[in-house]
Amino acid sequence: MSDVSERAEAALADYEEPLGWTLREDRLIGIVRDLLAELRRLERDKRVDNRINLTIGRERDALQAKIDAVKALHTGRIGMCEYCTDGPLVPYPCDTIQALGEP
Ligand SMILES: [Zn+2]
């Protein structure tokens, strides 16, 4: 629970006390202003979270594309890695494919 919501709850609990209408209205206006400020802060934080998630998603997709490009190079043919085999035969999956966690 935030400070604003705690203050709002406490003020509303006090609302039952015999206060003058002007004071009550002032307090209610203050509560509404505090709640609106809190709402604006939450909306701003949500926009920041959305931007961060979008950036993370783009970075994840870019990294996955690089991994896919490496996998496309290191393909197996008759049990040998076509990319790594340049002279001595390199069994498939080669060290690169195994490092990527592929079988
Ligand atoms: Zn390879």
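The pLDDT is the predictor's confidence in each residue, from 0 to 100. In this predicted model, the mean pLDDT of the protein chain is 86. The confidence is lowest in helix H1 (residues 3-14), at a mean of 72, and highest in strand S2, at 96. The chain holds three helices and two strands.

**Confidence**
- Of the residues in the protein chain, 84% reach a pLDDT of 70 or more.

**Overall architecture**
- Read from the N terminus, the elements of the protein chain follow the order α-α-β-β-α.
- The protein chain has 103 residues, of which 4% count as buried.
- Among contacts in the protein chain with a separation of 6 or more, 32% are between residues 24 or more positions apart.

**Backbone features in the loops**
- Most residues other than glycine have a negative phi, and most peptide bonds are trans.
- Ile78, a residue other than glycine, has a positive phi, near 40°.
- Ile78 is located in the loop that runs between strand S1 (76-77) and S2.
- Ile78 counts as exposed because it has 7 C-beta neighbours inside 10 Å, and the cut-off for an exposed residue is 12 or fewer.
- The peptide bond that joins Tyr92 and Pro93 is cis, with omega at about 5°.
- Pro93 belongs to the loop between strand S2 (80-81) and helix H3 (95-99).

Conventions:
Residues are numbered from 1 along each chain as its sequence is written. This is a predicted model: local features need pLDDT of at least 70, side-chain atom pairs count only at pLDDT 80 or more; totals for chains, interfaces and linings use all residues. Helices (H or I, at least four residues) and strands (E, at least two) are DSSP runs, numbered from the N terminus. A residue is buried if 20 or more other C-beta atoms lie within 10 Å of its own, exposed if 12 or fewer, and partly exposed in between; C-beta atoms are placed from the backbone. Two residues are in contact if their C-beta atoms, placed from the backbone, lie within 7 Å.
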